[in-house]
Amino acid sequence: MYNYGPCFFEGDMAKKDMKKSTLSALCGELGLLLKTGMTPYDALSVVADGSDGEERALCTRLMASLETGTPFWQCLEEAGSFPSHMVEMVRTGEQTGNTERVFLSLASFYDREARNASAIRSAVVYPAVIFLLLMAVQGVLIIKVLPVFSTVFTQLGAVMPPLARAFLGIGTWMVSNKWLVLLAMAAFAGGLGWVITHSEGFARFWANSTRAGQKQELAAFASALAMGINSGMDTDASLEAARRLVTLRGTKDKIAAAASFMSEGEGFAQALSKAAVFEQGYCRMLDIGIKTGNADSVMADIAARLEEDAGNALSRATGAVEPALVVLMSVMTGVLLMSVMLPLSGIMSSIG
């Protein structure tokens, strides 16, 4: 399920948050090593042996902190390279004796997050590339083809139709301001490059600006909630830990309302239902799971359903963009060509 690669650390190790794919690989390795009965120090030693440079330096710093008797979660926090959610989960894992389970759960969680970010990136980049190519075709037609038709109309002693003249004017402006056009194209390409190299940052922007992104963030919240419950956290701590992953203000307010209801004595499922964090059907499922002692598995099932729903929303959103672009460009090309071909064919018929 996770991608355990030989290199776990990418980019600047002083950065606050590692890439999700890097975190998934690292957590997976540590989880497997701890599951064999190794201590955190020994597990880090194995990771360090297969690393070099900054990777080995980070492992060495963590090992040095462990030698002083510092808890593992605190070593991760002091390193400054791990997200607060991961640190809190490891802290709970150490307190409940489920450290290896926590790391394996984190590996699965960050793997899903990395794949979601990649899916969002692909969903944006592919239509954008198609749009760029179609605009290039339009540019060639306006700049190279229309002037030929203009010459033909002039030789025949006729005037191009107003629409065709408007397109020709656009082409003339583009030629006379080619540096501005090239700058706009470079900015567009730079934007695509940023999306490709900063997929996780774009995923946060996507979550804040699209319906599909909002569903994906809710699915991530549910997955983190399930992970916390499965790792031995109580519901209050799980809710707080999962809340740290949320960026949408509206969702944060709902979670805060749920926490407030719980502090007033409401049950976990009832509080989530009353705050409208999840749909009523999911809250009923969770309530039954809590009553039957299966809260962790039910919450994981809810998270899986929300992830599927989010994936379908993303597919619908991206599936509608590509045909729309093709139809738009086809109509533009047809209008452009027909604006000169029909009058020209009429002139040729009258001459013949």
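# A first look at an all-helix model

Lys291 and Asp287 are four residues apart in helix H14, so about one helical turn separates them. Welcome to a predicted model, in which local features need pLDDT of at least 70 and side-chain atom pairs pLDDT 80 or more, while totals for chains, interfaces and linings use all residues. Residues are numbered from 1 along each chain as its sequence is written, and side-chain values use heavy atoms, without hydrogens and water.

**Overall picture**

- The protein has 15 helices and zero strands (DSSP runs numbered from the N terminus: H or I of at least four residues, E of at least two).
- Of its 352 residues, 41% are buried (under 20% relative accessible area; exposed is over 50%, partly exposed in between; 1.4 Å probe, protein chains only).
- Taking contacts (heavy atoms within 4.5 Å) between residues at least 6 apart in sequence, 62% join residues at least 24 apart.

**Aromatic pairs**

- The whole structure contains three aromatic pairs (ring centres of Phe, Tyr or the six-membered ring of Trp within 6.5 Å; planes under 30 degrees apart are stacked, over 60 edge-to-face, the rest tilted).
- One of them joins Phe72 and Phe103, whose ring centres are 5.7 Å apart and whose planes meet at 40°, so this pair is tilted.
- Phe72 belongs to helix H4 (residues 72-79) and Phe103 to helix H6 (residues 99-155), so their pairing ties together parts 31 residues apart in sequence.
- Phe72 is buried, at 1% relative accessible area, and Phe103 is buried too, at 0%.
- Another tilted pair is made by Phe221 and Phe278, with 5.9 Å from centre to centre and 40° between the planes.
- This second pair links distant parts of the chain, 57 residues apart: Phe221 sits in helix H10 (residues 211-230), and Phe278 in the loop between helix H13 (268-274) and helix H14 (280-291).
- Phe221 is buried at 1% relative accessible area, and Phe278 counts as buried at 6%.

**Charges over rings**

- Arg91 places its charged end over the ring of Trp73, 4.5 Å from the ring centre (NZ of Lys or CZ of Arg within 6 Å of the centre and within 35 degrees of the ring normal).
- Lys274 has its charged end over the ring of Phe261, 4.7 Å from the centre.

**Salt bridges**

- Four salt bridges turn up in the whole structure (a side-chain nitrogen of Lys or Arg within 4 Å of a carboxyl oxygen of Asp or Glu).
- Lys274 is exposed, with a relative accessible area of 51%, whereas Glu266 is partly exposed at 32%.
- The opening residues, Lys291 and Asp287, meet in a salt bridge of 3.3 Å from N to O.
- Lys291 is exposed at 66% relative accessibility, while Asp287 counts as buried at 18%.
- Glu240 and Arg243 form a salt bridge with closest N and O atoms 2.7 Å apart.
- Both Glu240 and Arg243 lie in helix H11 (residues 235-243), three residues or about one turn apart.
- Each is partly exposed: Glu240 at 34% relative accessibility and Arg243 at 26%.

- Gln138 is part of helix H6 and is buried, at 5% relative accessibility.
- Leaving aside residues up to four places away in sequence, Gln138 touches Met329, Met332, Thr333 and Leu336.
- Cys59 is buried at 1% relative accessibility, and Cys75 is buried with a relative accessible area of 2%.
- There are zero disulfides in the structure (cysteine sulfur atoms within 2.5 Å).
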